[in-house]
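Please read the points below with the sequence and the model open beside you.

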Amino acid sequence: MKRPKQSLRQVFAVPVVLAVLSLLGLIAALTGDGLRDVLSWLALGAPVLAVVWAMRFRRS
């Protein structure tokens, strides 16, 4: 099965978003408590959820 050709932007869109979320999560975790802790947990959980989604639905 041949995949349709994707542009560079389409290929790297999700990894860039995950990298930005990770960076924001790390900065939020290092700079404050309370709401920033919640923000950091959410932002740092997004890559983990992406890996779980990829392992569950993209295997076939």
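Leaving aside its neighbours within four places in sequence, which residues is glycine 25 in contact with?

1. The model is predicted, so to speak of local features a pLDDT of at least 70 is needed, side-chain atom pairs count only at pLDDT 80 or more, and totals for chains, interfaces and linings use all residues. Residues are numbered from 1 along each chain as its sequence is written, and side-chain values use heavy atoms, with hydrogens and water left out.

2. Once the neighbours within four places in sequence are set aside, glycine 25 is in contact with Ser40, Ala43 and Leu44, where contact means heavy atoms within 4.5 Å. Glycine 25 has its place in helix H1, a helix being a DSSP run (H or I, at least four residues) numbered from the N terminus. Glycine 25 counts as buried because its relative accessibility is 0%; buried means under 20% relative accessible area, exposed means over 50%, and partly exposed lies in between, with a 1.4 Å probe and protein chains only. Between glycine 25 and leucine 42 there are 7.5 Å in space, C-alpha to C-alpha, although they are 17 residues apart in sequence.

3. Helix H1 (residues 8-31) and helix H2 (residues 35-57) have axes that come within 8 Å and cross at roughly 150°, the axes being lines fitted to C-alpha atoms over the stretch in contact and the angles running from 0 to 180 degrees between N-to-C directions. H1 and H2 are therefore roughly antiparallel to each other, a term used for angles over 145 degrees. Among the residues that make the contact are Leu18, Gly25 and Ala29 of H1 and Leu39, Ala43 and Pro47 of H2. By class, this contact of H1 with H2 has 11 nonpolar, 4 polar and 1 charged residues; Ala, Val, Leu, Ile, Met, Phe, Trp, Tyr, Cys and Pro count as nonpolar, Asp, Glu, Lys and Arg as charged, and the others, Gly among them, as polar.

4. For aromatic rings, the count comes to 1 pair, formed by tryptophan 53 and phenylalanine 57, which are tilted at 6.5 Å centre to centre with 45° between the planes. Rings of Phe, Tyr and Trp (its six-membered ring) pair if their centres lie within 6.5 Å, and planes under 30 degrees apart count as stacked, over 60 as edge-to-face and the rest as tilted. Both residues lie in helix H2, 4 residues apart, which is about one turn of the helix. Tryptophan 53 counts as partly exposed at 46% relative accessibility, whereas phenylalanine 57 is exposed, with a relative accessible area of 52%.

Note on methods: Helix = DSSP H or I, 4+ residues; strand = E, 2+ residues; numbered from the N terminus. Parallel < 35°, antiparallel > 145°, perpendicular 65-115°, else oblique.
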